[in-house]
Amino acid sequence: MDERYSKKAVGARLKEFRLSLHQTQKEFAEQMNWDVNTYRKIETGFSLLTSDKAQMLYDKFEIDITYILTGDKLNPDDHLKQLWLTADRTERKQLIARLISYVEEML
């Protein structure tokens, strides 16, 4: 198994994220409504980050779950492509309007 996908590596990336928020394990667990002992086990690699907890992280922080789970960061082009491919017609119009607005602000 690739070490990047191990429970220990996932826990280390989660710890890195928590530290970027300047929070203790207890503070982070409380903010997520998780048991602090469960969180400690995930962060230290003794327990697996479950899909429901990964979804909670995304819902709360919009964190890149791909990075937490694999260590691979999304390429911005891939991210935009994914947004476009999964958007419905209304969402695509909103994306285009936002892009035009951003370009106008930069000019």
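Of the 107 residues in this protein, 27% are buried. Keep in mind that we are looking at a predicted model.

Now the fold. Along the principal axes, the C-alpha trace spans about 50 × 30 × 25 Å. If you take the contacts with a separation of 6 or more, 49% of them are between residues 24 or more positions apart.

Next, the core. In soluble globular proteins, nonpolar side chains tend to be buried together. Here, the largest nonpolar core has 16 residues. Which residues have the most contacts inside this core? They are Phe 28, Trp 34, Tyr 39, Leu 49, Leu 57, Ile 63 and Ile 68. At least two residues of the core come from each of α1 (7-20), α2 (25-32), α3 (36-43), α4 (51-61) and α5 (65-70).

Take Trp 34 from that list. Leaving aside its neighbours within four places in sequence, Trp 34 is in contact with Phe 28, Ala 29, Tyr 39, Leu 49, Lys 53, Met 56 and Leu 57. Among these partners, Phe 28, Tyr 39, Leu 49 and Leu 57 are also on the list of core residues with the most contacts.

On to the pocket. The largest pocket has a volume of about 270 Å³. What lines it? The lining consists of Tyr 58, Glu 62, Ile 63, Asp 64, Ile 65, Leu 74, His 79, Gln 82, Leu 83 and Thr 86. By class, that is five nonpolar, three polar and two charged residues. Helix α6, residues 76-86, gives the most to this lining, with four residues.

Is Glu 62 buried or exposed? At 63% relative accessibility, Glu 62 counts as exposed, because the cut-off for exposed is over 50%.

The other one is His 22, in the loop between α1 and α2. Phi of His 22 is near 60°, again a positive value in a residue that is not glycine. His 22 is exposed too, with a relative accessible area of 71%.

How values were computed
Residues numbered from 1 in each chain as written. Predicted model: local features only at pLDDT ≥ 70, side-chain atom pairs only at ≥ 80, totals over all residues. Heavy atoms only, no water. 1 Å grid on protein atoms, 1.4 Å probe; cavity = no way out; pocket = protein on both sides within 12 Å on 5 of 7 lines; lining within 4 Å. Points joined across faces, edges and corners; volume = space filled by probe spheres on them. Nonpolar A, V, L, I, M, F, W, Y, C, P; charged D, E, K, R; others polar. Core = buried A, V, L, I, M, F, W, Y, C linked by side-chain atoms within 4.5 Å. Buried < 20%, exposed > 50% of the residue type's maximum accessible area, 1.4 Å probe, protein only. Contact = heavy atoms within 4.5 Å.
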